[in-house]
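Notebook open, model loaded. I went through it element by element and wrote down what I looked up.

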Amino acid sequence: MAQGAARTIAQVVGVLLLAVAVAAFLAVAAVRHGFFDLQVYYGALTWWVHDGGEIYDYLRPNTQYGFTYPPFAALVMLPMAYLPWLAAIVVSVTATVAVTVVLFWWLVDPIARRAGWTRWFALAVALCLAAAYEPMRETVNFGQVNMLLLFLVAVDLLRLLPGGSRWAGVGVGLATAIKLTPGIFIVYLLVTGRWRAAVTSMATAAGATLLAAALFPDASREFWTEALWNTDRVGELAFVSNQSLRGVVARLDPEHPSTLAWLVLVLGTLALWAWRSRAAAAGGDEAAGLALTGAVMCLVSPVTWVHHLVWLLPGLILLVDNAVAARPGSLRRRLLLAAAVTGYGFLISRIVWAWEKDFTGIDGFLGSNTYVWISLALLALLPLRGRTTPAGSPVEAAGVPQLDQPDGRTPAGERHRVGGPLTVR
């Protein structure tokens, strides 16, 4: 048997074994939510379209949960009201899987090419590992829209913005009109001086919002004047699933959480993010900009449920990317790989749920906020790339100038982009 065929067979067997292992892990570790959030969307839209009710008046039976997204999100989801329930589930899962495959291709494939890995094999392994990732499996099990929003933003930051497209900003604008929290990426564009993309994103968000207001004036009025400010609709701030800085403060004193302490933490976190984001943009590292802004969004949002932490995926992948770019056997490579494995390990473990009922004491403070500490670590310590980097990184794949080795060394024969043409150094 030819060596190539033997390698392919070994890789197929390896992927199948990994898939079986992940399926076994999910059978034990994954919590079944019965597409709870999708049921809220589906119920609210059905109530609105078929039963004559107002969409923001709907609450899922026996809960306080209702439709919390802006009216433009209702417009985007409107076809769901005309689908059978099982078809809505199929559409939700299929859409999440499809955008995840594309996003991972953008992020993982360039690493595989640079490292000499078989490209389909690297993607398949990454997708299997993603299936075990708690925020990802929660996104699927809840029927959430997180990966769709991440994909819209990534289209801008990884594909359109590096190429100077005049459409850069549309994805961020649409994501912001669907759910307000991605609006932090508009601030990212402003902070890093990409004025045209920032204006495009603001115009897109405003246009989508005005379109929804023209079509659904009553729903728009209720959302912007009442539903948006009703925090009881989103759940308890001190609940352990809230892995934001607001959740940290709320768990310190659930009865009287300090707003001042939260604001001080938010301002300090935003200052760190602005500094690091500007450095990433100055180096042409849009992938790091995506990762840093996703992490800060999770930190400063008042509510960041565990399933929202899919926004940390680009940061974890970039840790691996930077490790592969480092000199083989170097301390830097070992540390970066250890950081990626440790962060991923915690984020598949459900460790925070050990303190779901009691998050008091030092162990409760440290353990119940584990995912917050990972978000902070990514924000503060994710390596940033300069204007020249090993060819084949996700940044290069997006058309961004590449960086040199962080330790100043270059592996023999590695190709680098210096100015225009690729050179061998």
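**H6 and what follows.** I started with the buried residues of H6, which are Glu 134, Pro 135, Met 136, Arg 137, Glu 138, Thr 139, Asn 141 and Phe 142. That makes 8 of the 9 residues in this helix, residues 134-142, so I noted H6 as mostly covered. Just past the helix I checked the backbone and found Gly 143 with a positive phi of about 75°. A reminder to myself: this is a predicted model.

**Overall numbers.** I then stepped back to the whole chain. I have 19 helices and 2 strands in my tally of the secondary structure. The protein has 425 residues, and 51% of them count as buried. I also looked at contacts with a sequence separation of 6 or more, and 70% of these join residues 24 or more positions apart.

**H14 and its partners.** I note that two packed helices are described by the angle between their axes and the distance between the axes. For H9 (residues 184-191) and H14 (residues 286-300) I got an angle of about 130° and axes 10 Å apart. The two helices are therefore oblique to each other, and the crossing is right-handed. On the H9 side I listed Ile 184, Phe 185 and Tyr 188 as the residues making the contact. H14 brings Glu 286, Gly 289, Leu 290, Thr 293, Gly 294, Val 296 and Met 297. Sorted by class, this contact has 6 nonpolar, 3 polar and 1 charged residues.

H14 also packs on H18 (residues 370-381), so I looked that up next. Here the axes come within 9 Å and cross at roughly 145°. H14 passes H18 in a left-handed crossing. From H14 I wrote down Leu 292, Ala 295, Val 296 and Leu 299, which meet Val 372, Ser 375, Leu 376, Leu 378 and Leu 379 of H18. The class count for this contact is 8 nonpolar, 1 polar and no charged.

**Aromatics.** How many aromatic pairs does a search of the whole structure find? I got 17. I picked Phe 67 and Tyr 69 to look at, and their pair is edge-to-face, at 5.9 Å centre to centre with 65° between the planes. Phe 67 has 0% relative accessibility, so I put it down as buried. Tyr 69 is buried too, with a relative accessible area of 5%.

The next pair I looked at was Trp 106 with Phe 151. Their ring centres are 5.6 Å apart and their planes are at 15°, so I logged the pair as stacked. It links distant parts of the chain: Trp 106 is in H4 (residues 85-115), Phe 151 is in H7 (residues 146-160), and they are 45 residues apart. Trp 106 is buried, with a relative accessible area of 15%.

I also marked one aromatic cluster, formed by Tyr 41, Tyr 56, Phe 67, Tyr 69, Phe 223 and Trp 224.

**Glu 222.** I found this residue in H11 (residues 217-225). Is Glu 222 buried or exposed? It is buried, with a relative accessible area of 13%. Leaving out neighbours within four places in sequence, I listed Glu 54, Tyr 56, Asp 57 and Ala 227 as the contacts of Glu 222. Tyr 56 in that list is also one of the cluster residues.

**Leu 127.** This one sits in H5 (residues 119-132). I have Leu 127 as partly exposed, with a relative accessible area of 25%. Apart from residues up to four places away in sequence, Leu 127 touches Thr 100, Val 101 and Phe 104. I also took the C-alpha distance from Leu 127 to Val 97, which is 9.3 Å across 30 residues of sequence.

**Positive phi outside glycine.** Last, I checked two loop residues. Asn 62 has a phi near 70° and lies in the loop between H2 (36-49) and H3 (71-77). With 84% relative accessibility, Asn 62 counts as exposed. Arg 350 has a phi near 60°, and I placed it in the loop between H16 (331-346) and H17 (361-367). Arg 350 counts as partly exposed, at 22% relative accessibility.

How values were computed: Residues numbered from 1 in each chain as written. Predicted model: local features only at pLDDT ≥ 70, side-chain atom pairs only at ≥ 80, totals over all residues. Heavy atoms only, no water. Axes fitted to C-alpha atoms, helices over the stretch in contact; angles between N-to-C directions. Helix = DSSP H or I, 4+ residues; strand = E, 2+ residues; numbered from the N terminus. Parallel < 35°, antiparallel > 145°, perpendicular 65-115°, else oblique. Left-handed = near helix turned anticlockwise from the far one by under 90°. Contact = heavy atoms within 4.5 Å. Nonpolar A, V, L, I, M, F, W, Y, C, P; charged D, E, K, R; others polar. Buried < 20%, exposed > 50% of the residue type's maximum accessible area, 1.4 Å probe, protein only. Phe/Tyr/Trp six-rings, centres within 6.5 Å; stacked < 30°, edge-to-face > 60°.
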